[in-house]
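Take a look at the model below. This report covers one ligand site and one residue.

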Amino acid sequence: MQPNKKGVAIMFSYLDHLECTQCGKTFPHTQLSKISTCCGKVLFARYDLPRMRREVDRNSWQERVTTMWRFSELMPVDDPDNVITLGEGATPLLRAPNLEKKLGLSNLYIKEESLNPTGSFKARGISAAVSKAFELGATGFTMPSAGNAAGAAAAYGARGNLPVKVFMPKDAPAANKKESVMAGSEVNLVEGLISDAGRIAVAVAEEQNLFDLSTLKEPYRAEGKKTMGLEIAMQLDWKMPDAIIYPTGGGTGIIGMYKGFQELLELGWIEGKPPKFIAVQASGCQPIVKAFQEGKHSAEPWPNAATIADGLRVPGPFADYLILRAIRETGGTALAVEDAEMVDAMYEMASTEGIIACPEGAATLVGLKHLLVQGFLQPDETIVLLNTGSGYKYLDLIKESAQG
Ligand SMILES: *Cc1c(COP(=O)(O)O)cnc(C)c1O
Ligand SMILES: [Zn+2]
């Protein structure tokens, strides 16, 4: 298959309509959309899977350009020329033999998302959302972000010649502010948290006719994150792992990957049941853990949210009900870990496997250890940890010498 000038394989999307995740009402996908007008909830992209099943061979994905756009049939963009890409996706699923030995496991993997453009898996969601919005006529964006999403939006905006205004908590990591400035975005620092940044971003978007990219308040960032699940299945030779441990903030990844596995199942391209989805949060911001433990279907906003893991500092995730649904339907669980444990695990991931993980990614290793002790996970299960971003944006957490 020949790539076009942007390196995207030429094919087309089987996108068919949008669907309200609350009531199932359907909407056309041919105009810019945010949340469902019926329930005010998340919209999912739905594809013509029966037709795709007849017409597409899963092996054709393997032969294409090694970016997430190889999955174009299950991606929302209709015209490959509208794809705004920096080569996101196609990250390695690394076997972790040293950690396996240390923890007595037989099948441990780390999905190494820090290799994405701008150093985090946010690149996947932003590439998908910005590309689709551009296709549908958007001319600029707002992005509220606790950190990495801002840098990614700024970079993809620059790549697509589309102006971006980012809104970040004042205490967001310096690296995220600087990468946004470098990429030419307007950087607005907000007193408060991501939720406060979100309110301002939405207001500015409305006033200035920009398209707001808030987590799961438009349908397509989840489609980009979904490709992590498609890749994991492909990398495990069309099998699903037994468990995926995911550092959960707004939940795009957990929701996206679960959706991806369901689509592959419906296509008949994989068999078995989806992995147990395990949400790891920070003890200082654990709305999903609390809701899960209390058997609730929605989460209450977490007061005074505080953690060093900026991607997990999301006190009131908009898609709480979808995160909880993914965890419960797959027999997963949710647990919180301490900031200090995350930092220790940053050292451990680097010294055992050479992976310079962000604190969010390191949190999955902490979660894994707790769940092994509790007996929730078994040593012979195939377990995937998501290292969602690079530790290089967090070097201030690390000592300069062993002596300290
Ligand atoms: C944003 C982010 C997360 C959380 O991702 P969600 O999809 O919002 O749950 C985790 N890790 C890193 C490094 C992030 O930037
Ligand atoms: Zn609805």
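A polar contact is a pair of N or O atoms within 3.5 Å; within protein, one must be able to donate a hydrogen and the other to accept it, and residues adjacent in sequence count only if both atoms are side-chain atoms. This is a predicted model, where local features need pLDDT of at least 70, side-chain atom pairs count only at pLDDT 80 or more, and totals for chains, interfaces and linings use all residues. Residues are numbered from 1 along each chain as its sequence is written, and side-chain values use heavy atoms, without hydrogens and water.

**Ligand 1**

| Residue | Polar atom | Distance to ligand 1 oxygen |
|---|---|---|
| Asn148 | side chain | 3.0 Å |
| Gly249 | backbone | 2.8 Å |
| Gly250 | backbone | 2.8 Å |

Taken alone, ligand 1 exposes 390 Å², and the protein buries 96% of that. These accessible areas come from the Shrake-Rupley method with a 1.4 Å probe. Around ligand 1 there are 16 residues, each with a heavy atom within 4 Å of the ligand. Lys122, Tyr246, Gly249, Gly251 and Thr388 come nearest.

**Thr307**

Thr307 sits in the loop between α10 (287-293) and α11 (320-329). Helices here are DSSP runs (H or I, at least four residues), numbered from the N terminus. Is Thr307 buried or exposed? Thr307 counts as buried because its relative accessibility is 11%; buried means under 20%, exposed over 50%, and partly exposed in between (1.4 Å probe, protein chains only).

The side chain of Thr307 makes a polar contact with the side chain of Asp339 at 2.8 Å. That Thr307 side chain also reaches the backbone nitrogen of Ala309 at 3.0 Å. Ala282 is 25 residues away along the chain, yet its C-alpha atom is 6.4 Å from that of Thr307.

Note on methods. Chains lettered and ligands numbered in written order. Helix = DSSP H or I, 4+ residues; strand = E, 2+ residues; numbered from the N terminus.
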